[in-house]
Amino acid sequence: MQSVNECFDNVKEDYLKFLNKEKIFGKSKAEKITSLKKIYIPISFWIENKYKKKGETLILGLAGGQGSGKTTVTGILKIILKKFFKRRIHVSSIDDFYKTLNDRNKMSHAIHPLLKTRGVPGTHDINLVKKFFDIIKKKKFTKIKLPKFEKAKDNRLKKKYWFNIKKKPEIVILEGWCVGAKPQSNSLIKRPINILEKYEDKDLKWRKYVNEKLKKEYKKLFAMIDYYIFMKIPNFNMVFKWRLLQERKLKKRSHTTKKIMSYGEIKRFVMFYQRVTLQMFKDMPKTASVVLTLNNKHQINKIRFKN
């Protein structure tokens, strides 16, 4: 049987290199090593066991508030599962499945102006994700191209830049802020929770549209996921704080200054996410198989396996 120590020796170097590349500088080397041993390796062993038990492609959902570090966590899990367990793994972000700017413009005219802003359920091309999951679940795998979205341009990239999946993955992780989100009752929908809802969605049209999407298309998609991992953040204020950090990172990486959000724009932007995020705070710790609790310093300080 493969041991935790063997795994640690095998992936340590790649893990530290990845953290440097991601510009994770706030932690000491000792803290990073502890996280690898106590958090990432145990989750990877848990995933490997679930994959072996299923005997075919395992689909995982990884959710957490904006800026919680989902991309970093999935990047680390990918290193361990690929290098040590020799698994074919594909990580998809639900963000890559955002509808094009043109489609969202059409929706903003036909349904509600707030639907121009990417993020909420209803602004993703759920049929594309479903098609990918359907192909994975078939015995005979056919290669597939998956979209890539560039946030700095607020649009989908041309097909030639898409992800090319030639071989059937053994493990798929779909990560995203609303992965696994559940709809709310009509009585909860009626009460605005921020100034955006109060003044720009007076007739509840936007809220109801998003909620209906969660009841139907998103519910069907999320039912195709085998297990959920949830990153529990301390409170909603952290979403703004961490999103601000994320945007600064994006600015450094992007070759264009176009579409990078200012302080005020981020403040408004996170209001779009608030309702669904707060509901997930209540629902996901009950339904997720693995819950990672983050502290105010952006560190995972607790891990809970439920099954």
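Biologist: What percentage of the 307 residues in the protein chain do buried residues make up?

Modeller: This is a predicted model, where local features need pLDDT of at least 70, side-chain atom pairs count only at pLDDT 80 or more, and totals for chains, interfaces and linings use all residues. Residues are numbered from 1 along each chain as its sequence is written, and side-chain values use heavy atoms, without hydrogens and water. Buried means under 20% relative accessible area, exposed over 50%, partly exposed in between (1.4 Å probe, protein chains only). Of the 307 residues in the protein chain, the buried share is 53%.

Biologist: How many aromatic pairs does a search of the whole structure find?

Modeller: Rings of Phe, Tyr and Trp (its six-membered ring) pair if their centres lie within 6.5 Å; planes under 30 degrees apart count as stacked, over 60 as edge-to-face and the rest as tilted. Searching the whole structure gives 13.

Biologist: Is the pair of W206 and F272 stacked or edge-to-face?

Modeller: The ring centres of W206 and F272 lie 5.6 Å apart. Their planes stand at 85°, so the pair is edge-to-face.

Biologist: How many residues apart are W206 and F272?

Modeller: W206 sits in helix α8 (residues 205-215) and F272 in helix α11 (residues 263-287). Helices here are DSSP runs of H or I, at least four residues, numbered from the N terminus. The pair links distant parts of the chain, and the separation is 66 residues.

Biologist: Is W206 buried or exposed?

Modeller: Relative accessibility decides this. W206 has 2%, so W206 counts as buried.

How values were computed: Helix = DSSP H or I, 4+ residues; strand = E, 2+ residues; numbered from the N terminus.
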